[in-house]
Structures are given as structure tokens and as C-alpha cells.
Amino acid sequence: MKSTTRGTLAAVVTGIAATVGAAGPAAASGAVPVPVPLGGVSTALDMELPHLGAQVPLVKPGAPEGPRYVTGRLLPERTLPQLPVSSALPGVDARSPLPHVLGDGGFDHVGLDAPASDLRALAPGLSVDAPLTSPDAGNFGLPRPKLPQAGILTPVLQNVSDANLESGPGL
């Protein structure tokens, strides 16, 4: 292998690695963190303000399953296929000070941590069949009439989410 070929190959591999490394954390988690900067307001007002942060989901469409041809039908089984979509539910991270409601020994902060959780969905689909049968050899190769069929493929939504509500001194 020539040195110019090795150099070109090394440059291409380095470029691909840099691109994957830059997009890796956001694409791997399915959500992009969005902090809400309130530090300047807290300093200006000389008081403790809530801490807020969110996670915005990235929507990733998938490839639909193709139509399935079934013997005895003129149209495929899934005329309009279901489109799979994967994303995440938005996440939130919030911490807020509370007044001393139960005296000095109680809690003075409350926090909510609901991380972004994976969400998988399938869009609705459609399955129809023509009002004719497939060509029949007993009928001189002509199709016979039959009742038309139509069906809606129901949408699917799958998610497992969790949240954590906590309270205590100085969260």
C-alpha cells in the first residue's frame, strides 16, 4: 500500500471518528439536555432560586415493514404500512427551595428528577383487499366477486418511565 493511500485512508478514518464522537452523546441518549440559566438572577436578587433543567427528545423515524403478499388476495396484506418512530419523553430536573413549614428541623428543599425515557411508537396502518378474488382457473381465468375487506392497524405506544420526588435539607 502506498504512503499516499495510507495517508488518505487515515484522514478519512479520523474524519469519521470525529463526526461520530461529536454526535455520539446526544444520539445515544435520545435527548438533548437544556439547562435553564438562573444563576445571574439568583446573584442579582440575593436569594436562592429554583434550579431548572430539561431534556428535549430527538425523534428518529424508522423504516416501515414492507407489504406482505398473501396467496388468495389481489392486494398486499399491509397496503399502508405502519411507520415506526423512536424517541424519548421529555425529561426534567427541578430543585426548589421551600419555606420552613415544619420548623427548623424539617426539610427546606424539594426536587423532582424525571429523566428522559425511551419511547417507541408505530403509526396507524391500513390493510384493504379488493372486491375480487384472484384469477380462478375454473372460471376461465376470471376473478370472482367477493365482499371487500378493510382493516385499520392500530397504533402502538411503548414506554417505561420513572421519576423521583425527594425532599430534604439543602438538596
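Visitor: What makes two strands a pair here, and what makes a run of residues a strand?
Guide: Two strands pair if DSSP finds at least two bridges between them, and strands themselves are DSSP runs of E covering at least two residues, numbered from the N terminus. The model is a predicted one, in which local features need pLDDT of at least 70 and side-chain atom pairs count only at pLDDT 80 or more, while totals for chains, interfaces and linings use all residues. Residues are numbered from 1 along each chain as its sequence is written, and side-chain values use heavy atoms, with hydrogens and water left out.

Visitor: In which order do the five strands of the open sheet lie, and which are its edge strands?
Guide: The five strands follow the order 1-2-5-6-11 with antiparallel pairing, and the edge strands are strand 1 (31-36) and strand 11 (164-168), each of which pairs on one side only.

Visitor: How do you know that strand 6 and strand 11 pair?
Guide: Strand 6 (residues 109-114) and strand 11 are joined in the antiparallel sense over five bridges, and because pairing requires at least two bridges, the two strands qualify as a pair. Within this pairing, D113 stands opposite N164 in strand 11.

Visitor: Why is strand 3 (60-61) said to stand at the edge of its sheet?
Guide: The sheet in question is an open one of four strands, in the order 3-4-7-10, with antiparallel pairing. Strand 3 (60-61) and strand 10 (156-159) each have a single partner strand, so one side of each is left without a neighbour in the sheet. Strand 3 pairs with strand 4 (residues 84-89) over two bridges in the antiparallel sense, and K60 stands opposite S86 in strand 4.

Visitor: Why is the contact of E166 with R95 called a salt bridge?
Guide: A salt bridge is a side-chain nitrogen of Lys or Arg within 4 Å of a carboxyl oxygen of Asp or Glu; the closest N and O atoms of E166 and R95 are 3.6 Å apart, so the pair meets the rule. E166 lies in strand 11 and R95 in strand 5 (residues 91-97), so the pair ties together parts that are 71 residues apart in sequence.

Visitor: What makes D136 and R144 partly exposed?
Guide: Partly exposed lies between buried, under 20% relative accessible area, and exposed, over 50%, with a 1.4 Å probe and protein chains only. D136 has a relative accessible area of 26% and R144 has 39%, so both are partly exposed. D136 also forms a salt bridge with R144, the closest N and O atoms being 2.8 Å apart.
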